[in-house]
Amino acid sequence: MKVFVTGATGIVGKRLIRRLLLRGDQVVALTRSRHNMTGNESGDRLLVIEGDPAKPGDWQQQVTGCDAVVTLAGEPVFGERWSTAFKERLESSRIESAKQMCAAMAPLGPEARPRVWVAASAIGYYGARGDEGLTENAAPGEDFLARLCVRWEAESRAAENLGVRLVLLRIGIVLGDGGGMLAKMVPPFKAFVGGPLGGGRQFVSWIHLDDVIGLLELGLDRSTLSGPMNATAPHPVRMAELAKTLGEVLHRPSRLAVPELALRVAVGEASAVILASQRVQPERALGDGYAFKYPELRGALRSLLTK
């Protein structure tokens, strides 16, 4: 299989490319700068190209002849404080990227067009929903991120009119080495000042990085799979349990909670994402027979933090 990947230098993109190469696939990796690609992602089955996925460019010609596309590009939600300009970047990096990928596919004939597109989305689609269990059939929320995810997915759905099988992977809080939530939570715990963020009652729908890759592979390989699929572990936990378990794995206390007011002062509007309660269930993945490598939080944390 020849796979075109955007967001190639992110925490998920790097791991996905490594996995695709290990299983014998060819990869075309799009990055804004080839210098961002690390040395272990090399070989004659990897083509690295430069370009901005949110803008038209020569990169679009490389989609021709690919069997599949995986789009992971997007400005990090916590990249900086949410100013009006930054929120516009959050939108354009996702919505315009989807538009440009559709534009790359549209002029291609059936033989040259990718058969499947696995498009990253996010559980932000559902908004803050308290203790409500959220499957793929749940209605979208109404906050900024929810509206953004709805528009993001809608732009990607244009590919379905071209006969492309589309899988919309709604990714939860990714636990992995080299970035994500753990990169921000672990240092305070190691300094003996860790604890839950906010009141601790909010549900956190997490997923181990290895299972994100597993679900991406499922989306690529399962020809009967299309539409939205939640990429979260089967057992979401409350923030207090996440902090407690993290402390136990690190052999550190988990007593110093960060108050909601302090979070709002520190990160502004983006604090709503941290404080939102989302009890997401991966109903579609389980129904399609996916066996999670890390269904429980403790095992996931131990695999990442006790090497």
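Let's start with helices H6 and H10. Helix H6 covers residues 239-250 and helix H10 covers residues 297-305; their axes come within 10 Å and cross at roughly 40°. That angle makes H6 oblique to H10. The crossing of this pair is right-handed. Please keep in mind that this is a predicted model.

Which residues of H6 meet H10? On the H6 side they are Glu 241, Leu 242, Thr 245, Leu 246, Glu 248, Val 249 and Leu 250. On the H10 side they are Leu 297, Arg 298, Leu 301, Arg 302 and Leu 305. Sorted by class, the residues of this contact come to seven nonpolar, one polar and four charged.

Staying with H6, let's check its length. It has twelve residues, and at 1.5 Å a residue they should span 16 Å. The end C-alpha atoms are 16 Å apart, so the two values agree. Several residues of H6 are buried, namely Met 239, Leu 242, Ala 243, Thr 245, Leu 246, Gly 247, Val 249 and Leu 250. What covers them? The cover for the buried residues of H6 includes H4, E9, strand E12 (237-238) and H10.

Now the residue that follows. Just after H6 comes His 251, with a positive phi of about 60°, although His 251 is not a glycine. It sits in the loop between H6 and helix H7, which is residues 260-267. Is His 251 buried or exposed? Its relative accessibility is 68%, so His 251 counts as exposed, the cut-off for that being over 50%.

There is another residue of this kind to point out. Phe 192 has a phi near 65°, again a positive value in a residue other than glycine. Phe 192 is found in the loop between helix H4 (180-190) and strand E9 (203-204).

Next is helix H5, residues 209-221. Its 13 residues reach 19 Å from the first C-alpha to the last, close to the 18 Å expected at 1.5 Å a residue. How many of the 13 residues of H5 are buried? The count is eleven, so H5 is mostly covered. Among the buried residues are Leu 209, Asp 211, Val 212, Ile 213 and Gly 214. Further along H5, Leu 218, Gly 219 and Leu 220 are buried too.

Asp 210 also lies in H5. With a relative accessible area of 25%, Asp 210 is partly exposed; buried would need under 20%. Setting aside neighbours within four places in sequence, Asp 210 is in contact with Arg 15, Tyr 290, Lys 293 and Tyr 294. For a sense of distance, Asp 210 and Gly 109 are 101 residues apart in sequence and 35 Å apart in space, C-alpha to C-alpha.

H5 also has a helix partner. Helix H1, residues 11-22, packs with H5 at an angle of about 60°, with the axes 10 Å apart. At that angle, H1 is oblique to H5. The crossing of H1 and H5 is right-handed. From H1, the contact takes in Ile 11, Val 12, Arg 15, Leu 16, Arg 19 and Leu 20. From H5, it takes in Leu 209, Asp 210, Val 212, Ile 213, Leu 216, Glu 217 and Leu 220. By class, the contact of H1 with H5 has nine nonpolar, no polar and four charged residues.

One more helix pair. Helix H2 (residues 84-105) and helix H3 (residues 144-156) pack at about 15°, their axes 8 Å apart. Lys 87, Leu 90, Glu 91, Arg 94, Ile 95, Ala 98, Lys 99 and Cys 102 of H2 meet Phe 144, Leu 148, Arg 151, Trp 152, Glu 155 and Ser 156 of H3. This contact of H2 with H3 divides into seven nonpolar, one polar and six charged residues.

Last, a strand residue. Phe 4 is in strand E1, residues 2-6. Its relative accessible area is 0%, so Phe 4 is buried. Beyond its neighbours within four places in sequence, Phe 4 has contacts that include Val 28, Leu 30, Ile 49, Trp 59, Cys 66 and Met 101. Phe 4 and Pro 114 are 110 residues apart in sequence, yet 9.0 Å apart in space, C-alpha to C-alpha.

Methods
Residues numbered from 1 in each chain as written. Predicted model: local features only at pLDDT ≥ 70, side-chain atom pairs only at ≥ 80, totals over all residues. Heavy atoms only, no water. Helix = DSSP H or I, 4+ residues; strand = E, 2+ residues; numbered from the N terminus. Expected span 1.5 Å × (residues − 1). Buried < 20%, exposed > 50% of the residue type's maximum accessible area, 1.4 Å probe, protein only. Contact = heavy atoms within 4.5 Å. Axes fitted to C-alpha atoms, helices over the stretch in contact; angles between N-to-C directions. Parallel < 35°, antiparallel > 145°, perpendicular 65-115°, else oblique. Left-handed = near helix turned anticlockwise from the far one by under 90°. Nonpolar A, V, L, I, M, F, W, Y, C, P; charged D, E, K, R; others polar.
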